[in-house]
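Work through the exercises below with the sequence and the structure at hand. Each task is followed by a solution in steps.

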Amino acid sequence: MKVDGGLFCDLARVPELAGTLEKQGYDGCWTGEINHDPFLPLLLAAEHTSRLELGTSIAVAFARNPMTVANLGWDLQTYSQGRFILGLGTQIKPHIEKRFSMPWSHPVRRMREFVLALHAIWSTWKDGTPLRFEGEFYTHKLMTPMFTPEPQPYPVPKVFIAAVGEAMTEMSGEVADGLLAHAFTTTRYLHEVTIPALQRGMQRSGRDRADFELACPVFVATDDDTAASIRKQIAFYGSTPAYRKVLELHGWGDAATELHQLSLQGKWDAMGSLIDDEMLDAFAVVAPVEKLAAALRSRCDGVIDRVMPSLPPTFSEDNVTAVLKELRQ
């Protein structure tokens, strides 16, 4: 199991934070398309590290097109000397249409085609294959020497797809190299929904589970203060209709309805009180510092290949290093 950290900060802090993550023993670090661009920090992180894998979790695919993303992926893979992972997500319809002013339709089919288009473009650049990609949503048929990047000796970037629902998860198992599970995921949901869907997709493409990575952030609560904060995060995600199925699997559909109603009323603080201890334990690893590594290992073993634990910001560097060391023993 690989243990990853987050690189969610402004550009000025990236060199120091990336260097710290590598020094502490993390295997990789991820950026996200939240309030900053997800790709720019990874260029700085690549410059100031030598071992860390560097990935986007996530970059919004439908805010871009396969050609622009192929260029970004190729250059970051080259500059990082083969350490880049391209993590893509769909976002949701209102954001794609109203924030990015881009078209939205058939997200699973569109994402599948996006990944296939990326590989067609990279194949042209790497192997000289004529570019003749014609799909339902994307068409790429023009590539002249002037627009072909210089050769590079590394494999093309791995592509991970963010998924919660079964259809997107199954498609990820078919065409992607990894899955970026959501933090709003329980062990039961992974075993009963995510893994079976991935296996169906892998069967379609004739691939083995060993050739695929499942990455998942995990909430971590080590005391009452961090537990209270995580209850609010769980409540926020639980209020989103797209994630209702996770709660329904556990018989918490009524809580999903109430959380959604409270969110429409803007009662964000009240929402956290609906997350009882049973729900907290389902979504988070709750353990004191000295038992945290064992609890994380128990949560991940047999299902999660890469974990990004939300270690409390109050953790000292020695605490972080100790937890990572114990996780590997």
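S263 is buried, with a relative accessible area of 14%; buried means under 20% relative accessible area, exposed over 50%, and partly exposed in between (1.4 Å probe, protein chains only). This is a predicted model, in which local features need pLDDT of at least 70 and side-chain atom pairs count only at pLDDT 80 or more, while totals for chains, interfaces and linings use all residues. Residues are numbered from 1 along each chain as its sequence is written, and side-chain values use heavy atoms, with hydrogens and water left out.

**Exercise 1.** Find the element that holds S263 and list the residues that S263 touches.

Solution. Step 1: S263 is part of helix α10, residues 253-264. Helices (H or I, at least four residues) and strands (E, at least two) are DSSP runs, numbered from the N terminus. Step 2: leaving out residues up to four places away in sequence, S263 touches S239, W268 and M271. Contact means heavy atoms within 4.5 Å.

**Exercise 2.** Is F8 buried or exposed, or in between?

Solution. Step 1: locate F8 in the loop between β1 (2-6) and α1 (14-24). Step 2: the relative accessible area of F8 is 43%, so F8 is partly exposed. Step 3: apart from neighbours within four places in sequence, F8 is in contact with W30, T31, G32, I34 and M308. Step 4: F8 and P149 are 141 residues apart in sequence, and their C-alpha atoms are 29 Å apart in space.

**Exercise 3.** Describe the largest nonpolar core.

Solution. Step 1: a nonpolar core is a set of buried Ala, Val, Leu, Ile, Met, Phe, Trp, Tyr and Cys residues joined through side-chain atoms within 4.5 Å. In soluble globular proteins, nonpolar side chains tend to be buried together. Step 2: the largest core has 79 residues, and L86, L88, L118, L214 and I304 have the most contacts inside it. Step 3: α5 gives the largest share of this core, 8 residues. Step 4: another core, of 26 residues, lies apart from it, with Y189, A227, I234 and Y243 among its members.

**Exercise 4.** At what angle do α1 and α2 pack, and which residues make the contact?

Solution. Step 1: α1 and helix α2 (residues 40-47) pack at about 60°, with axes 8 Å apart. Axes are lines fitted to C-alpha atoms, for helices over the stretch in contact, and angles run from 0 to 180 degrees between N-to-C directions. Step 2: α1 and α2 are therefore oblique to each other, because angles under 35 degrees count as roughly parallel, over 145 as roughly antiparallel, 65 to 115 as roughly perpendicular and the rest as oblique. Step 3: V14, P15 and A18 of α1 meet P41, L44 and A45 of α2.

**Exercise 5.** How do α13 and α14 cross?

Solution. Step 1: the axes of α13 (residues 292-300) and α14 (residues 317-327) come within 9 Å and cross at roughly 45°. Step 2: this makes α13 oblique to α14. Step 3: L292, A293, A294, L296 and R297 of α13 contact V323, E326 and L327 of α14.
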